[in-house]
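Here is a briefing on cavities, helix packing and backbone geometry. Look over the sequence and structure first.

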Amino acid sequence: MTVLMSPDELEAALRAVGAARYHNRHPFHQLLHGGKLDKRQVQAWALNRYCYQAAIPIKDATLIARTDDSELRRIWRQRLVDHDGTQPGEGGIVRWLALAEGLGLDRDMVISERRALPATRFAVRAYVDFVRDRSLLEAVASSLTEMFSPTIISERVSGMLANYDFITRETLAYFNARLDQAPRDADFALDYVKRHARTPEQQQVAIAALTFKCDVLWAQLDALHHAYVSPGLIPPGAFGHDGIWS
């Protein structure tokens with residue numbers, strides 16, 4: 001029989017998921033941060049990651065549309081501002097496109113997502129569908145990967161600046177704002193989950209939701225590793241297939 005955890009015990013269980021399953025442990029990220037990839041492999045990462053970045057405000061708008069809790073809507077909509085900005089030329093998506101362009105990728109090609117890996121698109125779609133279809137508690141809990149993102153951001157920025165001569169601080173400017181935004185968002189979501197997961201069953205579905213989100217992020221890196229590292233099988237139409245890197 002599952003026992004009801006205290007709020008602090010629930011937080012510890014959620015953090016244990018990240019310690020075991022967050023994608024900073026993935027071999028592809030170890031290669032990326034360690035300077036072991038070539039420029040085209042880094043480009044492939046940025047191009048595919050854009051699919052995820054572009055879906056985040058869609059996911060967040062979906063969550064907002066589901067709740068009659070005005071406080072939750074009011075606080076959660078800041079995430080839309082963070083990613084979309086308040087006017088053209090602002091927000092995290094624009095900064096990610098600047099990262100992609102700084103790596104030499106064509107902006108329109110990145111936005112179209114037509115050269116992204118099929119598995120990337122499927123994983124991102126699965127996340128949006130999860131937030132749409134599962135309980136509101138699960139939708140909020142799935143965002144808790146942000147508890148772990150400051151660590152991976154610091155590893156990524158320091159490692160890429162140290163190891164790639166085609167990377168500059170300006171290229172990686174996207175991550176500056178996330179160092180403040182992610183902890184702010186994670187603190188709110190964690191408090192929400194701890195207050196609303198009131199039964200053993202609710203606590204378990206919250207943990208499962210965070211596990212699912214970790215799996216979504218891990219699956220995207222699995223696809224990148226399979227296509228661009230080993231065995232190097234790039235699917236038809238994807239970036240680099242048949243030697244076409246544009």
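By class, eleven nonpolar, six polar and seven charged residues make up the lining of the largest cavity. Nonpolar means Ala, Val, Leu, Ile, Met, Phe, Trp, Tyr, Cys and Pro; charged means Asp, Glu, Lys and Arg; the others, Gly among them, are polar. The model is predicted: local features need pLDDT of at least 70, side-chain atom pairs count only at pLDDT 80 or more, and totals for chains, interfaces and linings use all residues. Residues are numbered from 1 along each chain as its sequence is written, and side-chain values use heavy atoms, with hydrogens and water left out.

**Cavities**

- The structure holds two cavities of 30 Å³ or more.
- A cavity is a set of points, on a 1 Å grid over the protein atoms alone, where a 1.4 Å probe fits but cannot get out; lining residues have an atom within 4 Å of a point.
- Grid points are joined across faces, edges and corners, and a volume is the space filled by probe spheres set on the points.
- The largest cavity has a volume of about 310 Å³. It is lined by 24 residues, and Arg49, Tyr52, Glu146, Ser149 and Arg178 are the closest to its centre.
- Two or more lining residues of the largest cavity come from each of H3, helix H4 (70–84), helix H9 (149–163), helix H10 (174–196) and H11. H3 gives the largest share, five residues.
- Helices here are DSSP runs (H or I, at least four residues), numbered from the N terminus.
- The second largest cavity has a volume of about 90 Å³. Its lining consists of His23, His29, Trp45, Asn48, Arg49, Thr120, Arg156, Leu217, Gln220, Leu221 and Leu224.
- H3 and H11 are the elements that give two or more residues to the lining of the second largest cavity. The largest share, four residues, is from H11.
- By class, the lining of the second largest cavity has four nonpolar, five polar and two charged residues.

**Packing of H3**

- The axes of H3 (residues 39–66) and H5 (residues 92–102) come within 10 Å and cross at roughly 175°. H3 and H5 are therefore roughly antiparallel to each other.
- Axes are lines fitted to C-alpha atoms, for helices over the stretch in contact, and angles run from 0 to 180 degrees between N-to-C directions. Roughly antiparallel means an angle over 145 degrees.
- On the H3 side, the contact with H5 is made by Trp45, Ala46, Arg49, Tyr50, Gln53, Ala54 and Pro57; on the H5 side, by Ile93, Trp96, Leu97 and Leu99. Contact means heavy atoms within 4.5 Å.
- This contact has nine nonpolar, one polar and one charged residues.
- H3 also packs with H4, at an angle of about 160° and with the axes 9 Å apart. That makes H3 roughly antiparallel to H4.
- The crossing of H3 and H4 is left-handed: the near helix is turned anticlockwise from the far one by less than a right angle.
- H3 meets H4 through Gln53, Ile56, Pro57, Lys59, Asp60, Ala61, Leu63 and Ile64; the H4 residues are Leu72, Arg73, Trp76, Arg77, Arg79, Leu80, His83 and Asp84.
- Residues of the H3 and H4 contact divide into eight nonpolar, two polar and six charged.

**Packing of H7 with H11**

- H7 (residues 118–133) and H11 (residues 200–228) have axes that come within 8 Å and cross at roughly 165°. H7 is therefore roughly antiparallel to H11.
- The crossing of H7 and H11 is left-handed.
- Ala119, Thr120, Ala123, Val124, Ala126, Tyr127 and Phe130 of H7 meet Ala209, Phe212, Lys213, Val216, Gln220 and Ala223 of H11.
- The H7 and H11 contact comprises ten nonpolar, two polar and one charged residues.

**Backbone geometry**

- Ser230 and Pro231 are joined by a cis peptide bond, with omega about 5°. Pro231 lies in the segment after H11.
- Glu113 is not a glycine, yet it has a positive phi of about 65°. Glu113 sits in the loop between helix H6 (107–112) and H7.

Note on methods:
Parallel < 35°, antiparallel > 145°, perpendicular 65-115°, else oblique. 1 Å grid on protein atoms, 1.4 Å probe; cavity = no way out; pocket = protein on both sides within 12 Å on 5 of 7 lines; lining within 4 Å.
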